[in-house]
Amino acid sequence: MHIRPGITKKYSLVIATAGLLILLLTVSAAFMVVWKGAGDVKKSLEENTTGIYTETYNAMMGSFAESLRYNLFNLLYQLDMVRINRLINDMREGMPVKSIIVADSSGRALTDGTNENVSFGRQLVIDLKGIKSSPVMIEKTESGLRVVFLIGTNDYTAGYGEIIFSEDPLKKTLKMQDEAVSRIWESFTASFLKIALAGTAILAFITFIFGILFSKTLTGPIKELTEATKKIASGDMSHRVKVETADEIGELASTFNTMMDELRETTVSRDFTDALIDSLPGVFYFFNAQGRYLKWNKNLTIISGYSDEEIQSMNPLQFFAGEDKHIIEKRIQEAFENGYSTAEAELTTKDNRKIPYFFTGLRYIVGDEPYLIGVGIDITERKTAEDKLLELNRNLEAMVEDEVEKRRQQEHMLIHQSRLAAMGEMIGAIAHQWRQPLNALGLIVQDIRDADEYGELTKDYIDKSVEKSMNQIKFMSKTIDDFRNFFRPEKEKSPFDALIAIEVVLSMLSGQLKNNNIAYRLTCDARNRTFKEFPEIILPGDIHATGYRNEFQQAVLNIINNAKDAIIEAREKGKMGSAAEGVIEVDVSRAGDRVFISISDNAGGIPEEIMERIFDPYFTTKEQGKGTGIGLYMSKIIIENNMDGRLYAENVKDGAMFTIELSLNEGYDDRYASN
Amino acid sequence: MIMRAAIKFFLIFALTLYVLPAFGGERELRLGLISDNPDSRIREYMPLMKNVAARLKEFNIKDARIVVAKDVDEMLKKIERGEVDIIFESAFSTIEMQEKAGIMPTMLVWRKGVREYRTVFFVRRESPIKSLSDLKGKTIVFEDQKSTSAYAMPKAELKRRGLTVLPLNEKREIKDAVRYIFTGEELNQAFFVVQKRADAGAFNNNDWDETSEKVRADLRIIHETEPMPRYMASFHPALPEKLRKAIKNIFEELHKTPEGKEILKKASRITKIERLTDADLKALKYLKELMEFIE
């Protein structure tokens with residue numbers, strides 16, 4: 001770009017002042033000419049009018065009356081009243097006339113021109129002699145200027161006329177002339193305006209031409225600067241102007257280039273920031289302590305639905321409603337006080353939609369002024385997922401509860417089945433138990449009859465027999481009591497002596513075991529002894545566990561029965577000799593706070609392939625009709641679910657071993673130990 | 001005279017027989033007027049006749065037409081040719097057309113609020129003249145030769161009473177004749193009497209009422225003629241009776257509605273149209289007598 005030599009501000013001022021002075025002088029001159037001309041015209045008219053009044057008024061009236069006299073003569077002569085009335089009315093319209101009367105030759109009024117004709121017959125006051133010599137007489141009266149005139153010729157008088165003017169004709173004339181002068185003045189003013197406007201237009205034209213020539217030198221560089229500005233506005237920040245002079249224009253060009261360098265840097269930086277803010281996935285905001293927005297991204301306008309102008313005048317709290325408004329207000333305060341805060345709230349859009357957002361707020365100090373800068377992320381999906389999860393959890397809990405309930409009912413059913421099975425077993429056991437005392441009772445009774453036959457039935461003999469009988473009956477009665485206790489349901493957990501509980505089971509099964517040639521042993525590390533016979537094991541125990549005693553006994557019963565069946569089956573299958581003694585060992589021990597009850601047999605053990613399944617419900621290896629498959633399953637449920645213990649199986653030397661692990665009731669045990 | 005009337009009636013009767021079939025098809029309702037300004041009359045009366053025609057569709061009337069004749073003679077020809085159905089005219093002309101063409105005066109037409117008028121004869125208050133017979137050898141002032149109430153009627157009335165009525169300068173040897181002059185305007189008539197240019201004047205009672213009270217105070221009425229309908233509506237004799245009746249009914253009702261009033265007013269400022277009363281028929285009889293004395 002080329003900068004031409006400039007014209008200074010001083011020259012411009014001189015030229016502009018000179019032009020203005022010429023314009024003012026021209027307009028003033030035109031105004032003076034018009035003003036003086038209009039004044040002269042007005043003065044001249046007034047002088048003329050006054051002259052008429054003072055010099056020729058009487059003559060004028062005389063001429064007027066004279067004219068009227070002749071006009072009326074023919075009409076009055078012919079007595080054409082219609083046309084006389086018409087003439088009178090015409091005169092009324094053209095002159096400030098109060099009344100006009102036409103009278104006959106005797107001075108008697110014929111008509112005043114109106115339909116009512118109220119003047120008819122009135123005698124006019126006329127100086128008949130005087131009017132002969134002077135046919136028009138003018139006099140001033142209270143009601144106005146009165147003009148009386150004779151209608152006729154020198155030889156014949158047709159009648160008389162009387163006119164009373166309601167207003168001084170001069171005044172009316174002057175008024176009319178004033179109006180005329182006003183119109184002329186308006187005309188002159190209009191002319192003046194035209195002249196002034198024309199002069200101004202000519203001067204403006206000259207100034208325009210001069211201005212074009214002048215501005216070409218002055219505004220050329222400015223224009224180029226403007227062009228440069230446009231290019232910059234269109235985004236071309238690299239554009240620069242050349243500096244070729246050392247005057248004000250040159251200085252301006254240099255300053256412009258410097259400014260452009262700075263502007264480029266600022267613009268690039270600002271554009272980058274703007275792009276960065278607009279590229280943020282959520283909303284961005286920057287506002288001062290008074291809540292006035294200074295910066296925000298496009299997302300805020302798009303999501304909220306508010307225009308930039310609306311956001312400009314909004315407070316941050318206006319984006320929230322209800323409880324969220326208080327939360328946000330608190331968090332903003334917190335951010336301003338502590339430097340940082342976050343909040344989850346629903347952003348209320350212009351069309352009243354509510355979108356859950358996670359907001360951050362960071363205090364940002366510029367000078368001494370605190371600002372808050374932050375972003376908001378749409379957490380609609382997260383919230384939805386959370387809600388769904390909550391719903392799922394609720395459903396899941398219900399399903400679990402439902403399942404547990406089903407399971408519980410199933411277990412109850414199984415327990416019931418198991419109990420029935422156990423009862424069957426127990427009835428068998430009772431039958432075995434009762435067989436021996438029944439036999440004994442039978443022998444005693446038979447012996448009494450024999451004694452009676454042989455004369456040996458003494459009182460002593462009877463007492464002994466009764467005692468023996470009662471012992472057998474007590475045994476049987478105890479068996480029944482054990483059986484009943486065994487099946488009595490317990491509602492609450494309570495501490496019980498594991499050893500005694502096992503002894504009861506063994507005592508109930510002892511008949512069966514013996515019948516099947518199965519020996520049993522109960523060992524207890526606490527006693528450091530082994531119990532082989534039923535009477536021996538009815539001893540007070542000292543191993544106390546917590547739980548449901550009867551259920552525990554049922555579990556033990558199941559395991560012992562299982563061992564018994566395994567031994568019988570092993571004999572049948574030849575895994576052990578048919579006469580080989582079966583052995584079931586029950587060991588009760590304690591370790592720390594746990595009680596361990598191990599029940600082992602010598603039936604050869606559990607095949608490894610079914611080891612995993614032995615506790616499954618309805619799993620059995622027994623022949624059809626001999627096993628239900630719920631005994632071990634129920635035992636595991638009882639021990640693990642109801643008594644918080646463990647039941648597991650393993651193969652040992654000659655057979656299988658089932659271990660029940662329960663919590664030791666230390667308190668009870670201690671109390672007992674102290675005794 | 002009777003013979004001539006009989007011939008006329010015969011001609012009209014024959015014409016009626018000729019015209020009647022035309023009523024079988026659609027036709028126009030035609031109003032006859034006498035004027036030297038047809039353009040104005042047509043514009044004034046057309047709304048009235050269109051309104052009437054529109055209500056007569058059941059008689060196959062499809063439209064209306066105004067037929068203007070320049071004088072009574074021309075109108076008589078139109079009547080004879082069956083070119084008009086209704087005729088609006090002054091009482092004198094109506095009677096003339098009734099005599100000559102057999103039209104049927106049926107209704108009385110109010111104009112400018114006036115139902116009827118009569119001619120008043122007046123003299124100066126202090127005049128010795130007391131009655132019409134006192135006018136022998138005196139001068140009377142009329143308006144002009146076209147005037148009915150201020151020339152034809154008073155002149156006929158004077159003649160009916162046996163007086164000779166002559167212009168001022170005609171047959172001066174007849175001394176007892178009532179001499180007349182014209183002033184062109186009613187107002188001038190009054191002033192001619194007041195200013196003793198004439199001994200008497202005659203114009204209609206409405207003009208008398210419009211004369212200034214002060215002037216009337218100088219005058220005195222010596223005679224009034226019988227009343228004469230202001231304006232009349234007559235039917236062509238060939239018009240069917242049912243149609244006549246229907247038209248009469250329409251005419252009678254017109255002034256009772258604002259629209260009817262407006263179209264009547266436009267037609268030469270008609271106020272209303274009503275049926276002739278017995279008094280009107282009597283007046284017509286008087287006018288017929290008077291007609292004998294009209295040249």
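**Salt bridges within and between the chains**

Author: Happy to. Let us begin with Glu289(B), a partly exposed residue whose relative accessible area is 37%. Please keep in mind that this is a predicted model.

The side chain of Glu289(B) meets that of Arg160(B) in a salt bridge, with N to O at 3.6 Å. Arg160(B) belongs to helix α5 (residues 148-160) of chain B and Glu289(B) to helix α11 (residues 278-291) of chain B, so this pair ties together parts 129 residues apart in sequence. Arg160(B) also counts as partly exposed, at 31% relative accessibility. Elsewhere in chain B, salt bridges that share partners join Arg115(B), Glu116(B), Lys272(B), Glu274(B) and Asp280(B) into one network.

Chain A has its own examples. Glu310(A) and Lys350(A) meet through their side chains in a salt bridge of 2.8 Å, N to O. This pair links distant parts of the chain, 40 residues apart: Glu310(A) sits in helix α7 (residues 308-312) of chain A, and Lys350(A) in the loop between β8 (340-348) and β9 (354-366) of chain A. Glu310(A) is partly exposed at 26% relative accessibility, and Lys350(A) is partly exposed at 45%.

Another pair lies within one helix. Glu386(A) forms a salt bridge with Arg382(A), their closest N and O atoms being 3.1 Å apart. The two are 4 residues apart in helix α9 (residues 380-453) of chain A, which means that about one helical turn separates them. Glu386(A) is partly exposed, with a relative accessible area of 34%, and Arg382(A) is partly exposed too, at 37%.

Now to the place where the chains meet. Chain B contributes 13 residues to the contact and chain A contributes 16 residues. Together they bury about 1200 Å², with 57% of that on carbon and sulfur atoms. On the chain B side, Phe191(B), Gln195(B) and Lys214(B) lose the most area to chain A, together 39% of what that side buries.

Across this interface there is 1 salt bridge. It joins the side chains of Asp218(B) and Arg108(A), at 2.5 Å from N to O. Between chain B and chain A, 6 residue pairs are in polar contact. The elements of chain B that give two or more residues to the side touching chain A are α6 (186-194) and α8 (213-216). Of these, α6(B) gives the most, with 5 residues. The residues on that side of chain B divide into 5 nonpolar, 3 polar and 5 charged.

Over all chains, the count comes to 42 salt bridges.

Note on methods:
Residues numbered from 1 in each chain as written. Chains lettered and ligands numbered in written order. Predicted model: local features only at pLDDT ≥ 70, side-chain atom pairs only at ≥ 80, totals over all residues. Heavy atoms only, no water. Contact = heavy atoms within 4.5 Å. Buried area = accessible area lost by both parts, 1.4 Å probe. Salt bridge = Lys/Arg side-chain N within 4 Å of Asp/Glu carboxyl O. Polar contact = N/O pair within 3.5 Å; in protein donor to acceptor, adjacent residues only side chain to side chain. Nonpolar A, V, L, I, M, F, W, Y, C, P; charged D, E, K, R; others polar. Buried < 20%, exposed > 50% of the residue type's maximum accessible area, 1.4 Å probe, protein only.
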